[in-house]
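We will go from stop to stop, and at each one you will hear what to pick and what to look for.

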Amino acid sequence: MDNSLVAELYLSFAAIFHRPNQDVSNHLEELIDLWSDVIPEIESIQKLTAFCKQLPPGEERLNALWEHYIPLFETGMVEASPYASVYLGKEGLVLGKEASNVKRFYTKCGYVMGEKSGELPDHLAVELEFCALLAQNGQDDLLKDFSTKHLEPFLKCILPRIKTSGRPVYSEVAKILEVRLLNLQKEGDFVG
Amino acid sequence: MKRRNFLKGILYGTGATAALVGGFGTFSKHSPLKAGATRAEGEEATVFSACEMCRNQCPIAVKVKDGKVCKIEGHPDDTAFGGVICARGNAGPSLLYDPQRIKKPMIRTGERGEGKFKEVSWDEAYTYITDKLYNVKDQFGGEAIALASRKGPHDWFFRSIGRALGSPNVFSHEATCPMTRSVALDTTFGTEGIQADYANTKYLISIGRNWFEGIHVAQTRAVSKALSKGAKLVVLDPRFSITAAKGEWLPIKGTTDLAFVMAMANIMIEENLYDQDFITHYSEGFEKWAEEVKDKTPEWAEKETGISKDTIIRITREFAAAKPNAILDFGWRTAYTPNDYQLRRAILIVNMMIGNLEVPGGYYKTKPANFLKNFPDLAGNAEGLGGVAQPGFPTPIKGRIDGTGVKGTPGQIIPAYDGAVGKIIESILTEEPYPIRAWLVHRFNPYISLTDSPRVLEAFKKLDLLVTCDVYMTDTAYFSDVILPECTYLERYEPIFDMSGLTPKYVIRQPAVPLVYPDTKPYWQIYKELGERMGLGDYFGFEDMADFINQQLAPTRLTFEKMKEIGVWTPSGMKGFYIRENDSKASLDNVLSTPSKKIEIFSEHVEEATKQGVPNYFSHPQPEEGTFRFVQGKVAVHTNAGTANVPILNELMPTNTLWMNPVSCRKLDLKDGDDIVISAGNYEQKGKLKMTEGIRPDSVFCYHGFGRISPELKRAFGKGINGNNLISNEIGIVGNAVTSTTFVRVRKA
Ligand code: SF4
């Protein structure tokens, strides 16, 4: 798999796990296309397609994403807190050691989080977006290193939670991401 | 757009989404110049600030390591607080780093209470609120907009929005807590600025006040100090509180405290135990009080209160013997009965009968800089704070919904700054005297704090606009149209606050760390920006908080930098003083602000407002067999409606129970730990039973602040009993909530 496809894949997952926005919501079909290319057999693709059919691009679809994103990741219920520190630290709070660890990794690779990014460094979408950047730039060793040390331990904690939440779109994308992760591990090919 | 062009566009910056290095703009290339801005690894710092886990604002020293708050201690230089804080103060970091905080502004997308929201930009949130508020104002007038918050430094900013819109209906939460005490202080002394000198008292009587669970660090320490010096403590409370455990517990029948206090006065007059000189010199109306208590004998009080007459006589004699260094405490949450303000007035009067004003171990007037101006020797110690000028606010077209300020009615003595917040619910539902259509709520949770919670929900549903600004998705936020995420006290500057006691004192709140969630904001910025969006920018004449603080400090010799460095300021070398310490006849003209310049035992104002110029006794019903008086109280590890979801505090105490005496348990065939149903009229709450000798057999008790209905308060949701769900929305004579007159039944679930 060439680097640009790997980058697109990581970016597609980041797009979903970032806070919903009209642009991504309107292009959900395109993301589904990409996933069905890479993991064609999975049932989740049909469920996602059905969701898109039921809710065509537009405000209603975006609101439906918000309806599930907020209790899943954002406020209150937080069925699957999107911050790695919450799982990989002792206290279950944000901005723990893992947040500084990934931040240091970003700096080591030549990146910083923009001041206006409005997100914590160990947010699921941020880590996935970072992987997309490394893949895009052909920084394969760093990608492998980041994935092993940071992203995978995080995904092992968070994906089961997202899957069992049963939240439309998110639980299906979590399943796809999990299969993708398993495939990569089987192949021993962390960068696709 | 063709297949995957969207993603490619984002990756390579060719699509609609601008990208700095590809992606969603989260990352940019590392700039070595900016690297210096981050703290070096292992770097430690102490930031002096003020706690906000409750409203007491204790000065704190925040320990920061590697850019993270790792511990909070008391400010070491503040002698009143002694370098210590309470458990709630210690839990600050777990609130700061809680993944369940609100992170972005939200607008409701589903039905009210359905829990469906979308996140929006601050701009969208301000625009939405602006449009809705002006719609309400245009259709129903500015008075149809209500504002309510806990009292605090945010008031200046939050209230400016309502006042600038011409609304008279701006409320504090005080009616649910200490407002009857404020009414009593105002009408007796002409000022609310009176405090108790617990540390030096020799005899302390509490009427339900619970310093060891309703913690105010300085006051709790002062009471401990008095006890360690041998002071006697007597606690009247239907429940055996932690405070009662430290003294003599008198399990008084609920709502009969005034009988006890009037009998004390009766005994003191009969036995000539009171300070006649003080009464003659400083007060007026004593003879009317003497007449009123003439028949309030200990025998009579025994029947009312359930406390033996011998005990009442003994306690009164002991109290009088300790004069003037004794305190009959004026209370904190003072909302037991509809006429609670008369209990508080009677308490103050009995205190004055031992002449304990402006002496050590009694009551004293707080001594801020402006007070010192009256004493030429002391005036040089401090200058009062300045302020930011505001244009005049428009005069509201209609009077307030609660009648505050209306002469010849109880409204005459309701403090205008506070109002009767429970009336908002009545106005929304009954449209009397006119309807409230929009409600702005700042860090206040009416669902938990006001009585008759189901009625509160009904009211929410009738509103055109409900806006909540908070750190969590509270129960009220869950029913709101717009939710504004405030940052925590550990992330923001605030105006300097005046915390003067026996000496002037200024305290700063400043950020210990940058914003954890970058899209949260301090309240002053939120209301300034909202005000500007609404075209009300003239009311917010400051650039930022540094500018605001500089304007405050301009008349003083202090600077913003200095306050940041020291956290707390008091005049160096100045000792606290009591005006009558060395001269029992010293003038109290600077203390008393009543029309007569006397302590008004008989108050013309109160007479005009309620036809009870001196406190009269009113006997409240007692529970019949099979029913129980329902009482609530505070616990040391939570702050009322505010902290049930804070991670560490929730871990310490996730839920409450209903306390019941074993005698009553046996009658109802209930055991410790049973699942129970508590009912009052049509309302029911489920909970667990705690069987304990620490409650009168005719009463039941639970801690306040539990039974949360917002699923978004994940840790607290659905746990415990919400006492206010059982109490009807009775509003007391001076607008206070009424918390102790409800009877409940209890059965096995
Ligand atoms: S009493 Fe406790 S919670 Fe309240 S301000 Fe002080 S330390 Fe904070």
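**Before we set off**

This is a predicted model, in which local features need pLDDT of at least 70 and side-chain atom pairs count only at pLDDT 80 or more, while totals for chains, interfaces and linings use all residues. Residues are numbered from 1 along each chain as its sequence is written, chains are lettered from A and ligands numbered from 1 in the order in which they are written, and side-chain values use heavy atoms, with hydrogens and water left out.

**Stop 1**

Select residues 124-136 of chain A, which form helix α8. Helices here are DSSP runs of H or I with at least four residues, strands are runs of E with at least two, and both are numbered from the N terminus. The expected span is 1.5 Å times one less than the number of residues.

Now colour by accessibility. Twelve of the 13 residues of α8(A) are buried, where buried means under 20% relative accessible area, exposed over 50%, and partly exposed in between (1.4 Å probe, protein chains only). Among the buried ones are A:Leu124, A:Glu127, A:Glu129 and A:Phe130. Following the helix you reach A:Gly138, with a positive phi near 70 degrees.

**Stop 2**

Select A:Glu178 and A:Lys163. Their side chains form a salt bridge of 2.6 Å, N to O; the term stands for a side-chain nitrogen of Lys or Arg within 4 Å of a carboxyl oxygen of Asp or Glu. The pair links distant parts of the chain, with A:Glu178 in helix α10 (residues 170-187) and A:Lys163 in helix α9 (residues 140-165), 15 residues apart. A:Glu178 is partly exposed at 22%, and A:Lys163 is partly exposed at 25%. Over all chains, the count comes to 61 salt bridges.

**Stop 3: a network in chain B**

Move to B:Glu52 and B:Arg492, whose side chains meet in a salt bridge at 2.7 Å, N to O. These partners sit 440 residues apart, B:Glu52 in the loop between β2 (44-50) and β3 (59-65), and B:Arg492 in the loop between β18 (482-485) and β19 (497-498). Are B:Glu52 and B:Arg492 buried or exposed? Both are buried.

**Stop 4: around the α10-α11 loop**

Next, pick B:Arg317 and B:Glu271, a salt bridge with its closest N and O atoms 2.9 Å apart. B:Arg317 belongs to helix α14 and B:Glu271 to the loop between α10 and α11, 46 residues apart. In that loop, between α10 (257-270) and α11 (276-282), you also find B:Asn272. Its phi is positive, about 55 degrees, although B:Asn272 is not a glycine. Most residues other than glycine have a negative phi, and most peptide bonds are trans. B:Asn272 is partly exposed at 48%.

**Stop 5**

- B:Lys323 to B:Pro324 has omega near 0 degrees, and B:Pro324 lies in the loop between α14 (309-321) and β14 (326-328).
- B:Glu432 to B:Pro433 has omega of about -10 degrees, and B:Pro433 lies in the loop between α17 (423-430) and β16 (438-442).

**Stop 6: charge on the surface**

Finally, show the surface of chain B. B:Glu284, B:Glu287, B:Glu604 and B:Glu608 gather in a patch of negative charge. For charges, a patch joins like-charged residues within 9 Å that have over 30% relative accessible area and no salt bridge. B:Glu287, in helix α12 (residues 286-293), is exposed at 53%.

Which residues gather in a patch of positive charge? They are B:Lys202, B:Arg221, B:Lys225 and B:Lys229. B:Lys225 is in helix α8 (residues 217-228) of chain B and is partly exposed at 46%.

Technical notes: Patch = residues over 30% accessible without salt bridge, like charges linked within 9 Å, V, L, I, M, F, W, Y side chains within 5 Å. Areas by Shrake-Rupley, 256 points an atom, 1.4 Å probe, with all protein chains shown as cover. Lys, Arg positive; Asp, Glu negative; His and termini not counted. Charge placed at Lys NZ, Arg CZ, Asp CG, Glu CD.
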